[in-house]
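Thank you all for making time this morning. I would like to walk through one structure slowly, so please have the sequence and the model open beside you.

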Amino acid sequence: MIPQSHFLILSAIIFCIGLFGALTRRNAIGILMSIELMINAANINLVTFNKFLGSPDGLGQVFALFEIALAAAACVVGLTLVISIYRNAKTIFIDKINLMKW
Amino acid sequence: MSFPILSLLVFLPLLGSLVILLIPKKKTGAIKALATVITAAVFIISIFLLIKFNYTNTNMQFEERLTWIPQINVSYHLGLDGLSIGLIFLTGLLSFLACISSCRDIHIRHKEYFFLYLMLITGMLGTFVALDLFLFYVFWELVLVPMYFLIGIWGGARKEYAAMKFFLYTLAGSVFMLLGILALYFNSPVRTFDILELAKYAPAFTLGLQILIFLAFYFGFAVKVPIFPFHTWLPDAHVEAPTPISVILAGVLLKMGAYGFLRISFPLLKDAAHYFAFPLAVLGAVNILYGAFVAMAQTDFKKMVAYSSVSHMGFVLLGMASFTVTGFNGAILQMFNHGIITGAMFLLVGVIYSRAHTRDLDKFGGLGVKMPVYAGFLSLFTFASLGLPGLSGFVGEFLSLLGGYYTFKTVTIISALGLVITAGYFLYMLQRMLLGSLNEKWAGLSDISKVEIFTLVPLMIITVVIGVYPLSILKYQSAAVIDLITKISGVIQ
Amino acid sequence: MVKFTHLIPVFPFIAFLINIFFGRKIKKVSALVSILFSTVSFLVSIFTFIGFLNGEGSYVVYRFLSFNNTALDFGVTVDALSCMMLLVVTCVGTLIQVYSIGYMEKDPRFSRFFAYLSLFMTSMLSLIIADNLLMFYMGWEGVGLCSYLLISFWFEKMSAARAGMKAFITTRIGDTGFFIGILLLYFITGSVYFKDLSALDTQNNLFYIAALLIFCGAIGKSAQFPLHTWLPDAMEGPTPVSALIHAATMVAAGVYLVARTYSLFMLNEASLAVVGVIGAITALMAASIATVTNDIKRVLAYSTISQLGLMMLGLGVGGYSAGTFHLMTHAFFKALLFLCAGSVIHGVQTQDLLKMGGLFKKMKATSITFVIAALAIAGVPPFSGFWSKDEILAEALNNGHPVLFSAALLTSLLTSFYMFRLIFLALFGRPRSELHAHESPKVMTIPLGILAFFSIFIGLLGSPFTHHAFQNFIAMPGLHHQEEIAVNYLAMGLSILVAFLGIALSYLFYIRNNKILAESVRAKFKPLYNLISNKYYFDEIYDFLFVKPALRLARISSGFDSGVVDRAVNLAASQTIVLSKIQAWFDRYIVDGLVNLVGIVFQVSSGALRRMQTGLIQNYLLVAFFGIILVIIFKLIGGN
Amino acid sequence: MSILADLKFILPEIILLICALAVLFLGLFVKKKSILGVLSLAGLILAGLLLPQSYISGTSIFFNILVSDSFSEFFKYLFLLTAAIVILISIGYKRILKEDRGEYYFLLLILTIAMMLAVSSHNLLMIYIAIEAVSLLAYILTAFRKNDLFSSEGALKYFLFGSLTSAVMLYGISFVYGLFGTLDLSTISASLNQAQNNFAVFVPLLFIFSGLSFKCALVPFHMWVPDAYQGAPTPVTALISVGPKAVGFAVLLRIFLCDIFISTDMWVCFVTAVSIFTMTLGNIIAITQTNVKRLLGYSSIAQAGYILIGFVVATPLGIKAVLFYLFTYLFMNLGAFACVALISESIKSHDIEDYAGFYKRQPFTAFVFTVFLLSLAGIPPLGGFMAKFLVFAAAIEARFIMLAVIGVINSVVALYYYVKIIRFMYLSEPKETPILPRPFALNFALVIAFVSILVIGLWPCPVLNWINGLQF
């Protein structure tokens, strides 16, 4: 059996990749995807813990399910916003989107 | 409970200001009339209080107490004693006179002006009668906002700067006072904001704690007094403010700081007060000399008077720092006198400014020929201001110095030298204003008008009466002062 | 008997109120009002005097202050000294007011003038009757105020305005010392009453200091060295003012003050010595300056300074009655001198002695009284000045002060010299310029006559012929009476001798017009002459000690014209102004600047910090991320 | 206890849901759109009336996921009030297109439900879901002006920032679950007491705190605030400056009241630092702002710093101060933004300099705006003063003297920029003076806020009593 720590390390790596992507990607869609990665890292954690804690209520899994749904919703909102910004600014490169500053 | 006359006194102007809001903007006559009637009523009530006041009784009189915010033990507690009766009278008088002067001097936005003006009066009166620290603080701050607008809208060239400076400066001081109030509240065994209650517990605090709280209050009061180096808002505010507001500012607002020391800092934090007595005396001397020197260099008449206030308030400080009956009496009397005299000085500045539209002393000269009556008034108040015996200014300064001398010999002697400098700059001013040959530019100036005389005559009478018979006002405070000293020092000095 | 002494100052005050408020309505009547009320004061003074002779004493009028179980009551002192002063002041004051009707006739501020005179009378009289130092001080400052108002009465003249201010501030310097003295005295004795002073008998160095501080006030007010420079300038005022305030009464208040607090000075020989020495220096110095001054009023002013110095000298050598006696006689003859000078000025419209001459024929009445007054001040018997001056000389000799005696004697010599120099130059000889002199009106000459009468005869009160009635009257009760009422013939002889010597010398110089002699004297004593004619370089000394450093600092030297008497004071004043300018600068840029600096710091940091908000979302995220990392690092370092 | 029985505890939420759906549906047909607003208001009022009957103190419902207690009731009232005032503001706000009105009110009401659920949740799962719902709805509302680049840009930044922090928070929650095997707050706190200082516990908690900091706009999670505030339609700005922020603080309190986060020096130190940085940074940057909405954005950051003082001191008084502050803050901030909405309608600008002489155009608006600003600055006798007073009182009581001193200094700095707006309104003369009529609803909102501010300042007893009566 694969030990718990392997899952946790995997999730940590995914989380960091996501974080790195969110901080460095110029494309708004890319950032969106990176954030999805981070959420998924958390989901891996939840499922892993559920498994290794052996909790009968399956709380971790339930949470993960909820989370997948929420992430989808967030993604919808995010994409909508990206479309909206594209319509107005004709770009989705976020280093171009700094109309409001200071 | 008897008739709540103090509440009536305090809230009558506020009521008036609300009524003014209902009057249409165009009816300036009605607005002016209402404001004058209200301030006159306040003045009459203050005289009534003066008559009814029993000055042998050291307890609070006309006391009113209601629960306000029971959850944190805030009460609506008003009262009057010998320390405040004079200031109430002063406020009543000056606000009435300044109102008359306002009717003439204010030409725009009457409705807002009188609305704010009456609100200001409520704040000032409230500060002097509040016996609950929370209430005190509310009234204290209530003064700031109207004052900001009154300077900022109706002021001179740099009004916005001056108004903002005033507001920030005083607020910066008073927020520390707020912390001091809270520290008193939480350290007292019975959590209360009541000054009289706290006076029972606060003196038992450790010295370190008292010093901390004293300093917190000090910032609040020092800015108002103002004590060097917190005085720089004063010349700006005084110079830019319209005449009636300068009168109120110098006449009443500055007294709030000194009153705070006497009402709160000293009786509650007596160990710290003794601890800081010497620094306070030194600051008093610095105020006297520094203010006088800076006043001498001014060419703006109003600024000169403003700096003279700094100098005069130094005597108040010195008297208070002495912790003697004499010094306290002197300090309170000096507060009163300074209110009367400097109020009159600002009125006089206003008279000349409204005619000549300049206050530059170097541009005047020889006005004594053209405006003899004005010259008479100006001379009288100038001499009162420079402490000529026989006029009121002297008595206060004398008692302050007498008290100061008892405790701090050297400091007092140095302060006494301020008398010479004061004479110097005031006479220099008189010389530049009234003496010499008449500048042809001012040949068309008319002499002081009847209304202006009307505002000055009461001040003149008081100045002379107190000068030759100071007991007339001292009797109201002396019992309270003895009581206060006994509380602070244990022994009477 | 009814207590009415305290009303004496009230009457002129009523006159003051009437004149100041209704002056423009009643116009010339204001003079009558003033004179009427001061006559009433005079009459009441006489009643007081009679009352005093009948054993009436001091009493309390009203409670001025009260706190802390101690109260300060204002009352009046009724004793020999105050009675004497009351009579002198009300009498001289009334006469001078009468005289002023003529002198000020054409002045546009006629009623204002009389109002001020009345106010002066009020202050002076309340000073005299004061029974405590505080009330005394109030009157003291009041007379200073009136002096200021009256010196700068013709304020259109800038020199008059400046002189007024200089007078006020110079005396105020002395007054501050006086004021501190009162404070000190209050704390040693716990009292400010004169009557408690006489009860003092303990030796205490503080009393010495207090006495000196009080003497500071006298120095300022009586124009003693080194604060004497204001008095010559005060001659800018109308001549009746010079007569009343700067000759007869106010300046004598300093002497009165020393006399009033004499018991304090008696406590310590040293303090008396200081009084005597200052008096001697002043007397000599001023007298010598008077010999070379050409302005008629300034000669009289220096003469006044000198005579006041003589009074101080008298008091300083222990001659209490001698000093006060001279105070009284001086009041009459000096007032007379000034009024005569005023009359001359009124007649010839100039003050320059060198432009006058031969006026005797044109102004008979004035000239005769002028000569009488000059004889009186020169100390020619039997005129009043002789008796009082002789008394001072005798006291100096009797009490073993040979140096002071010589100084007084020399002063006497100089006095008679410069006085007759003035008389000879103005009244006799040939007219030196085209002057249309005319005699003054009756309203001016009658007071001259009355004063002349007093100048001749008042001295007899203190002469051996009346068995020293004055001295016996004035002698301080309770004071150990060491004054021998005996005629000192040596002093008297020398006094007469120098008086005539002075007259003779000036006759030689100015009537015989002995140019050779004059020139040779002048050549021989050239350094001395220069010294004197430059007023002993006081201004230069002040200049060097106090002013030069400030000058260098402020580069304002060009602003001062050289050789003017008021240079020192002016420079001192400008030094103060420079200092005040520096302080104002400090206030504006340092104190206020610091405050504004706080504001600027906030503004700048706000401007800088808002650049953090780049508008780029990833920068925002980075900041947030770093925030988390930072906390984690802290946790790692901080451990548990 | 069955799920159906528990439904009665969320009756207000259900009412709101029905109302929201009705509004959405009616929005398709009704021509007069103000009816929608009135209907939403009616729903809110009804929900408010039902609120007292819908809770039995301290009952856990829905398998302990939600809790019905007086604490949540307080916040529910707060949100209903917020929503009601925002709707009043919105009714007269012309920049929201007519055809979108139905959706707009719908979203508002749903957001209200989400906020209400967030404060009553007692489980990290529910907390996360509710907060996420609040966020998503807030993003959409921020972007509501579809054709406005500012609106979209603000929303995108808001969204990206929010998503990232919520991902971080979620990651933290997953570890908490792993460590304690549960997501129920009370159970966690029971097992936490021993492990409070453990690094492995600290980091997940820090992550959760980060997620909530984003909601409360605490430094360094504040940077979205000015942009989102500036971009959003003004009524929405008003809403997100109060609602989600209160949610953040409520959840923080909820977690905090379960003894999580407290009693270690490290946390106190850390939260103190956050509090100081938040108020100082917010105030200082606000000084040089020229756009009123941005300025108020920074001001609301600073306000959050003051509120955090109540957490730092961790005393009963501190908690009460936080609640009182939030309650007062609701009125003054909504009032201020209502004024901004009104003024921007009138002068078509958010630039402070264009506010010059506004007193002449609309004296009443200028006056109440002044009152709100002064209240935000903490000038007595207005409500804002009372709130600040309690916060500083809590700090002094717990002897956080430095914190109190920095707090009061900050409130002086803050005065400067609040007064700056007032200065332009009153001390400058207007360039032109077209007087626009004020929409009645907006007026009504202003009056409500104004009266509340005055009453809270002068007669705070009822509010204090209410807060004192809350059970934690």
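Is the crossing in which H2(C) passes H4(C) left-handed or right-handed? H2(C) passes H4(C) in a left-handed crossing, where left-handed says that the near helix is turned anticlockwise from the far one by less than a right angle, and right-handed that it is turned clockwise.

Before going further, a word on the source: this is a predicted model, in which local features need pLDDT of at least 70 and side-chain atom pairs count only at pLDDT 80 or more, while totals for chains, interfaces and linings use all residues. Residues are numbered from 1 along each chain as its sequence is written, and chains are lettered from A and ligands numbered from 1 in the order in which they are written.

To return to that pair, the axes of helix H2 (residues 29-53) and helix H4 (residues 110-129) of chain C come within 8 Å and cross at roughly 15 degrees, the axes being lines fitted to C-alpha atoms over the stretch in contact, with angles running from 0 to 180 degrees between N-to-C directions. H2(C) and H4(C) are therefore roughly parallel to each other, a term for angles under 35 degrees. Among the residues that meet there are C:Phe37 in H2(C) and C:Phe114 in H4(C), and the contact divides into 8 nonpolar, 6 polar and no charged residues. Here Ala, Val, Leu, Ile, Met, Phe, Trp, Tyr, Cys and Pro count as nonpolar, Asp, Glu, Lys and Arg as charged, and the others, Gly among them, as polar.

Chain C as a whole has 26 helices and 2 strands, these being DSSP runs numbered from the N terminus, with at least four residues of H or I for a helix and at least two of E for a strand. Of its 640 residues, 57% count as buried, that is, with 20 or more other C-beta atoms, placed from the backbone, within 10 Å of their own.

Turning to the neighbours, chains B and C share the most contacts of the 5 pairs of chains in contact, a contact being two residues whose C-beta atoms, placed from the backbone, lie within 7 Å. For chain D, 24 residues are in contact with 20 residues of chain C, and H12(D) gives the most to that side of chain D, with 6 residues. By class, the side of chain D that touches chain C has 19 nonpolar, 4 polar and 1 charged residues.

Key:
Buried ≥ 20, exposed ≤ 12 C-beta atoms within 10 Å, placed from the backbone. Parallel < 35°, antiparallel > 145°, perpendicular 65-115°, else oblique.
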